[in-house]
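Have the structure open while you read.

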Amino acid sequence: MKILSIQSSVAYGHVGNSAAVFPLQRLGHEVWPVLTVHFSNHTGYGAWRGPMLAAADVAEVIAGITDRGVLGSADAVLSGYQGDPAMGAVILDAVEKVKALNPAAVYCCDPVMGDAGRGMFVRPGIPEYLRDTVVPRADIITPNHFELDFLAGRTTTSLAEVLDAVDVVRATGPRHVLVTSVLHGDLPPDALEVVAVSDEGAWAVTTPLLPINPNGGGDITAALYLAHLWTTGSPAIALERTIASVFAVLEATVAAGTREIQLVAAQDVIADPPARFTARRLR
């Protein structure tokens, strides 16, 4: 698989492309990372250094890839945090160009906006831009539960309501939806779920709730789900493999007592996901 991944980059730690590229390569895929920022570290530390690239500069990098005559060999475009509509427009333009050259290519968007307990943490207007302009153009989206509720315009507190919200969002365009960090009234307090929905059906995996919420977890999840879905063609298998790897990485992070996710230390569970969780069919 060849993936054009348009995301942020950090020198220290693992978020954006610095979280997505290595796992994809470890699975044997070719990644073309296009950077939207190059910071010293992720912004969760409260202080960072380094440049935010202009949308025009990012477009120039993509244009250079186009000049090589290889853009049509891309199987997918992957994007995460989008800091402003200008950058979003560059990403969507890249998606359009890739799909014009390769109609079988897919666009996987992690619609980064906010999280439960934190609310929205992106600039005003970005959530609406993602909902109204970006998500309808995506084939695969990977929102967390909080982001799903915003995209669907409702509050969901049961699994049935989550599925209804997914149906609302899927009706706008994306065929595959992976919802992370799902919490609902039917779950015990020490568990959470991840839900995958497609034309073929809906599945859920339940995992223990770990005492950690690190930056970059969503970035690796989106990358792995895209890769496993493309490789297997099965949302259920992609869900099982993705969550098995991500959970093991987070376990290693807890054990190490670090703030940054342990991608390198736990790379074996990325390359060979353990058969640890079973997806149960919801419909």
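Q: At what angle do the axes of H1 and H7 cross?
A: In this predicted model, H1 covers residues 17–26 and H7 covers residues 217–232. Their axes come within 8 Å of each other. H1 passes H7 in a right-handed crossing, and the angle is roughly 35°.

Q: How many charged residues are there in the contact of H1 with H7?
A: On the H1 side you'll find Ala19, Ala20, Pro23 and Leu24. They meet Asp219, Ile220, Ala223, Leu224 and Ala227 of H7. Sort these residues and you get 8 nonpolar and no polar, which leaves the charged count at 1.

Q: How wide an arc do the buried residues of H6 cover around the axis?
A: The buried ones are Leu159, Val162, Leu163, Ala165, Val166, Val169 and Arg170. What covers them includes helix H5 and strands E7, E8, E9, E10 and E11. They sit on the same side of H6, because their arc is only 160°.

Q: Is Gln267 buried, partly exposed or exposed?
A: Gln267 lies in helix H9, and it touches Phe22 and Arg26, leaving aside residues up to four places away in sequence. Buried would need under 20% relative accessibility and exposed over 50%. Gln267 has 23%, so it counts as partly exposed.

Definitions and conventions. Residues numbered from 1 in each chain as written. Predicted model: local features only at pLDDT ≥ 70, side-chain atom pairs only at ≥ 80, totals over all residues. Heavy atoms only, no water. Axes fitted to C-alpha atoms, helices over the stretch in contact; angles between N-to-C directions. Helix = DSSP H or I, 4+ residues; strand = E, 2+ residues; numbered from the N terminus. Left-handed = near helix turned anticlockwise from the far one by under 90°. Contact = heavy atoms within 4.5 Å. Nonpolar A, V, L, I, M, F, W, Y, C, P; charged D, E, K, R; others polar. Buried < 20%, exposed > 50% of the residue type's maximum accessible area, 1.4 Å probe, protein only. Arc of directions from axis to C-beta.
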